[in-house]
Amino acid sequence: MNWSGTKTLVTGGASFIGSHLVDALVARGATVRVADDLSSGKLENLHKSIGDVEFMEGDLRDRAFADKATAGREVVFHLAASHGGRGYIDTHPVECSTNMILDGSVFHSAWRAGVERVAFSSSACVYPTNLQDELQIEKGGMVYLREDWADPFKPGAALADGEYGWAKLMGEMALRAYHKQYGMKCVSCRYFTAYGERENETHAVIALIAKAFVGMDPYEIWGTGEQDRNFTYVGDIVEGSIRALECIEDGSAVNVGTAEHIKVIDAARKIFEITGWEPDEIFFDLDKPVGVFSRAADLTRSRDRLGWEPNISFEDGLRRTIDWYYSTRNREEVARKLNILLTER
Ligand SMILES: NC(=O)c1ccc[n+]([C@@H]2O[C@H](COP(=O)([O-])OP(=O)(O)OC[C@H]3O[C@@H](n4cnc5c(N)ncnc54)[C@H](O)[C@@H]3O)[C@@H](O)[C@H]2O)c1
């Protein structure tokens, strides 16, 4: 796709992932508008691109605002959501369930505005949780989640991860309806456990880095540490999203994440190695929320339909993220606020 001058809207563009996407689209020459209510997004995330974008502040659940934001746009990346890491989504089910209103509002306005293509930021949380639990892994070995395993129309293929996961699955279904009924070109991008610069401490990798940064000892890990995720660097998430919007138009979902299972304890050990600091003791807090036992993506569809797969190694992405965190944060402040930072965005 030739992005030069393409009139693009990024909802939630002041967020962690949204702001990196905005930077990438501006670099490609797109004409970018950002709509965000700044509930968790920050203008400072847009410091690289703010001079080159149009910024609109407002709540996209408000239909009049959603109409204004989508007016005159050719392309929409819909990232706005009430969302955070496990510490946030498990303690804010009401906020997460309102995403169904938000998504419905944005899709309807985009369709009325005649937007040509919509990419929706969905999540690995749409996958049935029973496919990712410990028993399943013990029985059948490592699981790589395939797109057709989460589908509201397939018997047995819908058991999403909490209110947040169900809202994303319903968002995908609603978006696909606009394709079925009106032919709107669209795609749902299922992001897996993103990390990188500008992310907050409610997410595992940043939480683990923050605890090392303040020298927490005993060093606290939520759960046994044996749970694994396919931590995916934000630059890969952004490239996958752009490719998905360019290549898929029938409302299908595509995984945007790696196929690498990394245990939380191994992520922590890697952080100790890179930072050169390690605690005398690790405390595994079994009372904290941890989510599913194991999660990674099958890449068959992203390879076939996007001609793409993530390519930034965990080691490289982690080094960049640690450099950013250590150079932008104040130790005393993080130590003082850490308990709140782990659950509030
Ligand atoms: N970070 C991850 O690992 C991950 C994984 C899967 C999916 N996602 C999805 O990616 C998207 C971006 O997430 P993120 O991690 O960058 O950070 P985020 O959750 O902070 O991003 C959400 C953005 O939407 C804005 N927003 C929220 N409600 C709004 C509303 N009603 N009107 C207007 N703006 C609103 C927030 O201010 C914020 O900028 C979200 O849709 C999220 O669900 C993220």
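In what order do the seven strands of the open sheet stand? The panels below start from there. This is a predicted model, where local features need pLDDT of at least 70 and side-chain atom pairs count only at pLDDT 80 or more, while totals for chains, interfaces and linings use all residues. Residues are numbered from 1 along each chain as its sequence is written.

**View 1. The open sheet.** The order is β3-β2-β1-β4-β5-β6-β11, with parallel pairing. Two strands pair if DSSP finds at least two bridges between them; strands are DSSP E runs of at least two residues and helices are H or I runs of at least four, numbered from the N terminus. β3 (54-57) and β11 (250-256) each have a single partner strand, so one side of each is left without a neighbour in the sheet. From one strand to the next, the twist averages 20° (axes are lines fitted to C-alpha atoms, for helices over the stretch in contact; angles run from 0 to 180 degrees between N-to-C directions).

**View 2. The β6 and β11 pair.** β6 (residues 185-191) runs parallel to β11, and five bridges join them. Cys 189 sits opposite Val 254 in β11.

**View 3. The shell around the ligand.** Here 27 residues surround the ligand, and the closest are Gly 12, Ser 15, Ile 17, Gly 41 and Ala 81; a residue is near if its C-beta atom, placed from the backbone, lies within 6 Å. α1 (16-27) and β5 (117-123) each supply at least two shell residues, and α1 gives the most, with three.
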